[in-house]
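Have a look at the model first, then read on.

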Amino acid sequence: MSSQRILISGSVAYDTIMVFDGQFKDHILPEQVHVLNVAFLTPRLKREHGGCAANIAYNLKALGGEPVVLATVGSDGDGYLRRLAHLGIDVTHVRRVDDFYTAQAFITTDLSDNQITAFHPGAMTVADQVDATAAGPAAWGIVAPNGKAAMLAHATQFVRMGVPFLFDPGQGLPMFDGEELLAFIAQARAVAVNDYEARLLAERTGLTLEAIAQRVEALVVTRGGEGSVLYTGGRTTAVPAAPIARAVDPTGCGDAYRGGLLHGLARGWSWERSAQLGSVLGAIKIEHQGPQNHALGRAVVAERLRAAYGASLDD
């Protein structure tokens, strides 16, 4: 294990977040979806720094971790790279590709925290040009949503390097067929998905969640406000969600959770304790607008971890 370095393969993206002051279900009529043509008035709009890799790195760095981002940005990405570098995040393995824009997500959220997202991959489509082996040794890696070729390449490179990694297909899961997903599972140390992705993963692989868990050290299924479930060591463990003051914006909560999870794992913590830290980070994130605007002071995180689970932030 090399210190607490964590290699993060995933997207660096701009998020344009719009809030619809209503509920999608009141405007999308099931009997009319074959001629769907809806418009939502979104009086609130904000452009945020996002992308799975950058979000995870933001949370890890704030906890004192050592994230290394493996990603691409486009011709409009220089300002983003300067921001990440200013935060102390290692971006030496982020490649700038002039022929593309940086990946862009356009997210509309309703008052029930449902989301409709349009995503332009941009430079992410050539993220396989980034060589993970050049980043050197690490305690852990993660293959998060990225270009398809990059996810395939970086998983193989992590195995070649002897870096245990978390397979987190996220929104990229539909890109892969059953055989490709089974190959990822065979290579990964663990798998992390939300409850919807868990159902899709089971459907595509033809395996139950319990069967998937038998092929890795741990299967982590996040369930939003209902917490998360760990399948590890032949046991199923429910981790309750950490309490929140007020839900403001769910964008980036899954990435915050994964940042906490990986921070704990890199420090040698158990899966349950690491998931508890992930839940605290997710709770802090949801109380703030955007994926990278929440402060993570160590004292605050430590107190919320103790209050929610009776756990310590210290090793």
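Which residue forms a salt bridge with Lys 148? That would be Glu 180, with the closest N and O atoms 3.3 Å apart. Bear in mind that this is a predicted model.

**Glu 180 and Lys 148**
- Glu 180 sits in helix H4 (residues 178-187) and Lys 148 in helix H3, so this pair ties together parts 32 residues apart in sequence.
- Glu 180 is partly exposed at 22% relative accessibility, and Lys 148 is partly exposed at 31%.

**Other salt bridges**
- Asp 168 and Arg 258 pair up through their side chains at 3.0 Å, N to O.
- Asp 168 is in the loop between strand S9 (165-167) and H4, while Arg 258 is in helix H7 (residues 253-266), so the bridge ties together parts 90 residues apart in sequence.
- Both Asp 168 and Arg 258 are buried.
- Glu 217 bridges to Arg 189, with the closest N and O atoms 3.5 Å apart.
- Glu 217 is partly exposed at 36% relative accessible area, and Arg 189 is partly exposed at 35%.

**Asn 146**
- You'll find Asn 146 in the loop between strand S8 (140-143) and helix H3 (148-161).
- Asn 146 is buried because its relative accessible area is 2%, under the 20% cut-off.
- A polar atom of the Asn 146 side chain lies 3.4 Å from the backbone oxygen of Gly 10.
- Beyond its neighbours within four places in sequence, Asn 146 has contacts including Ser 9, Leu 70, His 154 and Met 175.

Notes: Residues are numbered from 1 along each chain as its sequence is written. This is a predicted model: local features need pLDDT of at least 70, side-chain atom pairs count only at pLDDT 80 or more; totals for chains, interfaces and linings use all residues. Side-chain values use heavy atoms; hydrogens and water are left out. Helices (H or I, at least four residues) and strands (E, at least two) are DSSP runs, numbered from the N terminus. Buried means under 20% relative accessible area, exposed over 50%, partly exposed in between (1.4 Å probe, protein chains only). A polar contact is a pair of N or O atoms within 3.5 Å; within protein, one must be able to donate a hydrogen and the other to accept it, and residues adjacent in sequence count only if both atoms are side-chain atoms. Contact means heavy atoms within 4.5 Å. A salt bridge is a side-chain nitrogen of Lys or Arg within 4 Å of a carboxyl oxygen of Asp or Glu.
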